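Reader: Good morning. Could you take me through this structure, please?
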Amino acid sequence: MTDTHIASAFDRDLETIQAHIMKMGGLVEDAILKAATSLETRDEELAEQVRNADRAIDELEEQINEEAARIIAVRQPAAVDLRVILSVMKIASNLERIGDYAKNMAKRTTVLSQMGQIHGATASIRRMAKEVERMLKDVLDAFVQRDAGTAREVMHRDEDVDQMYNALFREFLTFMMEDPRNITACMHLHFIAKNTERMGDHATNIAEQVIYLVTGEIPEDKRPKSDRTSTDPSVAPA
Amino acid sequence: MYDTPNTERTVTRNETKFSARKVQVYYGDTHAIKDVDVDIEDKTVTAFIGPSGCGKSTFLRCLNRMNDTIDVCRVEGDILLDGQDIYDKKVDPVQLRAKVGMVFQKPNPFPKSIYDNIAYGPRIHGLAKNKAELDEIVEKSLRRGAIWNEVKDRLHAPGTGLSGGQQQRLCIARAVATEPEVLLMDEPCSALDPIATSQVEELIDELRTNYSVIIVTHSMQQAARVSQKTAFFHLGNLVEFGETGQIFTNPKDERTESYITGRIG
């Protein structure tokens, strides 16, 4: 099959909407890294930047949805074109959600920088955020390359993020038990860790959409679940 | 609470109505249909799609031996209707066409009254014993053609005086008057406006409860809307045949994909 439609305007529409996804993805990756850095370096100004940048992400999502609606109305896309539109809409809403979590991390940074340091926590979160950002980058590359293999690999990497979260969960519990004055900071940090773990889940959702786009089928094998904090009492220290 | 199934999309496996095996059609030296194998189900709308000259109309016309009327046309292979070879010497093509009705691209009512347009088939096939029975058949057919309410007060006006959409529904009513088992439709909506098209599509969906309907259409959206099964023809080959939903969201063959997405293939 050739890549070009007989109606070349249709090609331009599809290219534009996918370019907007990539732009949105770039902004979201940036937000994740900056939010994590601001947390670690207690950089309130950077945190403020992240909070303000979220608006652009939201606006892009809206724009993508409008473009998708217009393409559906005007072009009645079928087969792979239809899958592009459907996956683009879902990817946009997942990206928007990741952006919200990054913004939330930045918000908490502003609060946390007024409190005592929790040893090692922010560096661990930064590493976790870095891994999520890499997943996101790879899955968006897979989207552009129509590469289902890379998308599957990204789904599996979510397991690592879940493990990192489990470790942090335990650490925070320990800190809180050691000294109740740590509770406020640890609660905030725990939310950040949990939200970062959720970002990984959203990256996994995007990977599913990429697989659907390429193969026409939603992957059946349930993605690996390694966040055991909600089911396994032994995760928490006695 | 019960789940409400999406009826239009529910594909149930029905009995095979038409079974074609290794069908070849030649127009003189031109090989128009190549090795087509397909099973058409009863009580199902099957759409034939494909670019111009791909053989979809030719194949459709094989199903009620309309190609017999073309001298240079030669049909090979087996086409079975309910297990019976329709090209068998014992089969009377006129009887076959009463069983396998056809509606054409352009509405072609007879230059007779609306009543006589419908009554013509039942009369020659002797389906009515008396006037009362014939009246009943005419009314029933016009109702099935979703045109009864519009013409009941002028049954003796000429059929050619109706609007294009009404004429087409009249032709559908005429086609169902002989109680066919299969209805072949060759681009039945291409000369109609969107409203008349919707009415005909609605009608096709109703006809599906009684008949096997096969429709040739250039409108992919129409194929997607009205059919449960879709067959894609290309250069005389049946490239892909499957559930309509699958063909339009996830076709297996690249040529199908190129065609339905409007790419140069």
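Author: Chain A and chain B bury about 1,300 Å² between them, and 49% of that area is on carbon and sulfur atoms. Buried area here is the accessible area (1.4 Å probe) that two parts lose on being put together, summed over both. This is a predicted model, in which local features need pLDDT of at least 70 and side-chain atom pairs count only at pLDDT 80 or more, while totals for chains, interfaces and linings use all residues. Residues are numbered from 1 along each chain as its sequence is written, chains are lettered from A and ligands numbered from 1 in the order in which they are written, and side-chain values use heavy atoms, with hydrogens and water left out.

Reader: How many residues of chain A and chain B are in contact?
Author: On chain A there are 17 residues in contact with 14 residues of chain B, where contact means heavy atoms within 4.5 Å.

Reader: Which side chains meet in a salt bridge?
Author: Those of Asp81(A) and Arg263(B), at 2.9 Å, N to O.

Reader: Which helix gives the largest share of the side of chain A that touches chain B?
Author: Helix H3 (residues 79–112) of chain A, with 5 residues. Helices (H or I, at least four residues) and strands (E, at least two) are DSSP runs, numbered from the N terminus.

Reader: Turning to chain B, which strands pair with S1(B)?
Author: Strand S1 (residues 16–27) of chain B pairs in the antiparallel sense with strand S2 (residues 30–41) of chain B over 8 bridges. S1(B) also pairs with strand S4 (residues 73–81) of chain B, again antiparallel and over 8 bridges. Two strands pair if DSSP finds at least two bridges between them.

Reader: Which residues stand opposite each other there?
Author: Val23(B) stands opposite Val36(B) in S2(B), and Ala20(B) stands opposite Ile79(B) in S4(B). In the hairpin of S1(B) and S2(B), 2 residues lie between the strands, and Gly28(B) takes a positive phi near 60°.

Reader: And Glu15(B): is it buried or exposed?
Author: Glu15(B) counts as exposed because its relative accessibility is 64%. The classes are buried under 20% relative accessible area, exposed over 50% and partly exposed in between (1.4 Å probe, protein chains only). Glu15(B) lies in the segment before S1 of chain B.

Reader: What does Glu15(B) touch?
Author: Not counting residues up to four places away in sequence, Glu15(B) touches Ile40(B), Glu41(B) and Asp42(B).

Notes: A salt bridge is a side-chain nitrogen of Lys or Arg within 4 Å of a carboxyl oxygen of Asp or Glu.
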